[in-house]
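Come along and check each entry on the screen.

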Amino acid sequence: MWRQTLVVEHWAVWFIDFGWCIGTDRCDHLHHGDTVSIRQNSFYTLTGALAQVAVTLFTVPIFLRLIGTERYGVLVIVWVFLGLFGVFDLGLGRATAQRIASLHKATPLERAEVFWTALTLNAAAGVVGGLLLWPVARHFFLASFKVSASLRLEVLSMVPWMAAAVPIAIVTGVLAGALQGREQFLALSASNALGGVLYQIFPLGVAWLHGPNLAWLVASALLGRVVVFAMQYAQCYRHVPLNMAPSVKRELVAPLVRYGGWVTVTGIIAPVLTMLDRFVIGSIAGASAVTYYTVPFNLATRVVILPASLSEALFPRLSTASDKAGRKLSDDAIQALSVILTPIIIAGTFIMEPFLSWWVGPEMAKNSASVGELIALGLWFNGLAYIPASRLQAQGRPDLLAKCHLAEIVPYLTVLAIALHAWGALGAAVAWSLRVMVDAIALFSLDGGVSRVLVPSLAPLLLLAAVAVSVFGFPPGSTNRWVLGGGAFVGSLAWAWWAAPSSVTNFIKHTAWGILLSTRRRRDP
């Protein structure tokens, strides 16, 4: 089992263990706290995220059977409310990570002062957020939300528990930021994964033993958050460390709030740019177009878990690196992502139509496949853009990222409206893919130049163009489509093999040889 786990780890994150600067002893000048590599940190983050996805997929059908669709619909709205009120974090979780990472050579007292100052600010903001959520949620459920009369009192009784969840969730952001800044990704991912499990298991247990009362369900989910808070605080106590009297430093308030403010702007604008298009699609093209767009979009965008995991692991290192070292680290990470994303994106684009036909039926696939194919192609740019976005924030310039997103809103909505009128749901995919492509180019420019990234990426860009021609130029099932699309995929594998250094290719050879030998042994009498 131990060897199997190692193989899984290597295959999950081989793309960032290239024998380059990333995760090797040639980056010793970037390490602090401990010698855990970026490779391992990315693996921990990726594993934690995948564990939460797996738990959700497993528990949703059970939830539906135990509490019914109406109560589950109410819980979905509860999670949406808590997500929206997460804005009261004020970006201080990210600010804490950046500040503590930059203080890796400072005294424990200086790091503890950052921690307690940010925690105090976040606790106050969380209390305000909880007090605001109470009347807002109560009014929404009374005046706007349709629910059966028998559930009305039950829904109102859960609102205080919703309000109590806000400050707990908000202050946990600072704890997570502190652990990220100290590169304690194993502890952070383990607690987040456990929290994701408890967040589902506690309400399930309550529904099974006590009954599907919404107030009890929300309260039990809150208990899961409290457990995560306790675990992360214990880790912060050890690794920040916090073995001294709490100390709030007034001089830190302004820089933390200033940095966090720009992170908050990004945190507000990014979901708006991603989710607002649903409302525009619905108002212009109708509800059916929303479905034709959302189903393939949600399917395709699962791939961003890879660049998201890598960018989170890189953030503390980028916060401490010099400009030259940080640029080298960033360039290597972008190249690594390109090597792994290109075959995945090309394969996903090519099989989108047959997969949707199998998954949701031929009629749905007929209207959604082209949407998913365009979204998948745009995700290549979107995935690479995670790295310059992380570097800008790590270098103390979250304002550049926020201003970039602010500048995109009006042009994006204009193109979206025009494209929707012209092509329906497919037009929305065109607008989204154009936006993320422009966004990536802008972020690369802000991070030091587009040519550094695009020139080494000419081969994958040509391969992406080839698969685009295959899926948009030829009908599904045609020989030309299979030849061109299949050739692009094979070409992407060949390019990835060529671009990957010997440390990766040797690992693949040894793994393949080991599998072959084990297969032969099983066949031998």
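My entries on helices and loops follow.

**Ground rules.** I am working with a predicted model, where local features need pLDDT of at least 70, side-chain atom pairs count only at pLDDT 80 or more, and totals for chains, interfaces and linings use all residues. Residues are numbered from 1 along each chain as its sequence is written, and side-chain values use heavy atoms, with hydrogens and water left out. Helices are DSSP runs (H or I, at least four residues), numbered from the N terminus.

**Helix α12.** I looked up residues 362–394, the 33 residues of α12. The expected span is 1.5 Å times one less than the number of residues. Of the 33 residues in α12, 27 are buried (under 20% relative accessible area; exposed is over 50%, partly exposed in between, with a 1.4 Å probe and protein chains only). Just after α12, I noted Gly396 with a positive phi of about 80°.

**Two helix pairs.** For packing, axes are lines fitted to C-alpha atoms over the stretch in contact, and angles run from 0 to 180 degrees between N-to-C directions. Helices α4 (residues 108–144) and α5 (residues 149–181) have axes 8 Å apart and an angle of about 160°. I therefore wrote them down as roughly antiparallel (over 145 degrees; under 35 is roughly parallel, 65 to 115 roughly perpendicular, the rest oblique). Their contact has 24 nonpolar, 4 polar and 2 charged residues. Here Ala, Val, Leu, Ile, Met, Phe, Trp, Tyr, Cys and Pro count as nonpolar, Asp, Glu, Lys and Arg as charged, and the others, Gly among them, as polar.

Next I took α3 (residues 92–102) and α10 (residues 305–320), which pack at about 50° with axes 7 Å apart. That pair is therefore oblique.

**Loops.** Is Leu90 buried, exposed or partly exposed? Leu90 sits in the loop between α2 (38–84) and α3, and its 37% relative accessibility makes it partly exposed. Its phi is positive, about 60°, although Leu90 is not a glycine.

Glu183, in the loop between α5 and α6 (185–209), has a positive phi near 60°. At 2% relative accessibility, Glu183 counts as buried.

My last stop was Pro241, in the loop between α7 (214–239) and α8 (253–284). The peptide bond from Val240 to Pro241 is cis, with omega near -15°.

Conventions:
Helix = DSSP H or I, 4+ residues; strand = E, 2+ residues; numbered from the N terminus.
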